[in-house]
Amino acid sequence: MLFLLSGIQQLSAQTQSNTPREKEKKEKPDYSTLPKNPRKATILSAIIPGAGQIYNGKAWKVPILYAGFMTDIYFIGYNNKRYQTFRDALFAFDDGETNQFPSLNRNALVRNVDYWRQNRDLTILLLLGIYALNLVDANVDAHLSGFDISDDLALKFEPNLGSFSANSTSYGLTLKLQFK
């Protein structure tokens, strides 16, 4: 019994002696075998959106990325402009002054203010989503840079004629993966 307790005590002392730095060194992934470094691609894209895609050799993605940014920024401005217009009209209505929308009552003005503010806020979130997609794309593309895409692989759809018994036949498609 004493031998068992001393063994457990020594085992717990050994596990406690591992410092967090030793665990971090053991758990750190090794990217040296990949042609592109995922960390570098992500950092480049975080600093300048699209730089990670260029680093990965996928420069054709950069115009698409910037088109997304520019379109979203345009709609942020458009929604904010409409929000400001209806907000000013609501303030003018509350002060008893004439506004740009004389046919709208207060409830309609409030609905429009809320609608355009919500649209503006959602387009801001979409901008953050495009930025995050930029980072994820650069990272995943760098991870897949070492993936083997050779002509030795073939994926084919072929018709299939089979029979379950002497009286029945079945028709179908077969998906074949061939390694040459």
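This is a predicted model: local features need pLDDT of at least 70, side-chain atom pairs count only at pLDDT 80 or more; totals for chains, interfaces and linings use all residues.
Colleague: Thanks! How many helices and how many strands does that make in the chain?

Modeller: There are six helices and two strands. As for the chain as a whole, buried residues make up 20% of its 180 residues.

Colleague: Let's look at H5 and H6. Why are these two helices called roughly antiparallel?

Modeller: Helix H5 covers residues 61-94 and helix H6 covers residues 106-143, and their axes cross at roughly 160°. Angles over 145 degrees count as roughly antiparallel, so H5 and H6 are described that way. Their axes come within 8 Å, and the crossing is left-handed.

Colleague: What kinds of residues make up the contact of H5 with H6?

Modeller: By class, the contact has 20 nonpolar, seven polar and 10 charged residues.

Colleague: And H3 with H6: what makes that pair roughly antiparallel?

Modeller: Helix H3, residues 38-47, packs against H6 at an angle of about 155°. The cut-off is again over 145 degrees, and therefore H3 and H6 are roughly antiparallel to each other. The axes of H3 and H6 are 8 Å apart.

Colleague: Is the crossing of H3 and H6 left-handed or right-handed?

Modeller: The crossing of H3 and H6 is right-handed.

Colleague: Which residues of H3 and H6 meet?

Modeller: From H3 come Pro-38, Ala-41, Thr-42, Ser-45 and Ala-46. On the H6 side they meet Tyr-131, Asn-134, Leu-135, Ala-138, Asn-139, Ala-142 and His-143. The residues of this contact divide into seven nonpolar, five polar and no charged.

Colleague: What does the side chain of Asn-134 reach?

Modeller: The side chain of Asn-134 reaches the backbone nitrogen of Gly-50 at 3.3 Å.

Colleague: Which other residues is Asn-134 in contact with?

Modeller: Leaving aside neighbours within four places in sequence, Asn-134 is in contact with Ser-45, Pro-49, Gly-50, Gln-53 and Leu-65.

Definitions and conventions: Residues are numbered from 1 along each chain as its sequence is written. Side-chain values use heavy atoms; hydrogens and water are left out. Axes are lines fitted to C-alpha atoms, for helices over the stretch in contact, and angles run from 0 to 180 degrees between N-to-C directions. Helices (H or I, at least four residues) and strands (E, at least two) are DSSP runs, numbered from the N terminus. Angles under 35 degrees count as roughly parallel, over 145 as roughly antiparallel, 65 to 115 as roughly perpendicular and the rest as oblique. A crossing is left-handed if the near helix is turned anticlockwise from the far one by less than a right angle, and right-handed if clockwise. Ala, Val, Leu, Ile, Met, Phe, Trp, Tyr, Cys and Pro count as nonpolar, Asp, Glu, Lys and Arg as charged, and the others, Gly among them, as polar. A polar contact is a pair of N or O atoms within 3.5 Å; within protein, one must be able to donate a hydrogen and the other to accept it, and residues adjacent in sequence count only if both atoms are side-chain atoms. Contact means heavy atoms within 4.5 Å. Buried means under 20% relative accessible area, exposed over 50%, partly exposed in between (1.4 Å probe, protein chains only).
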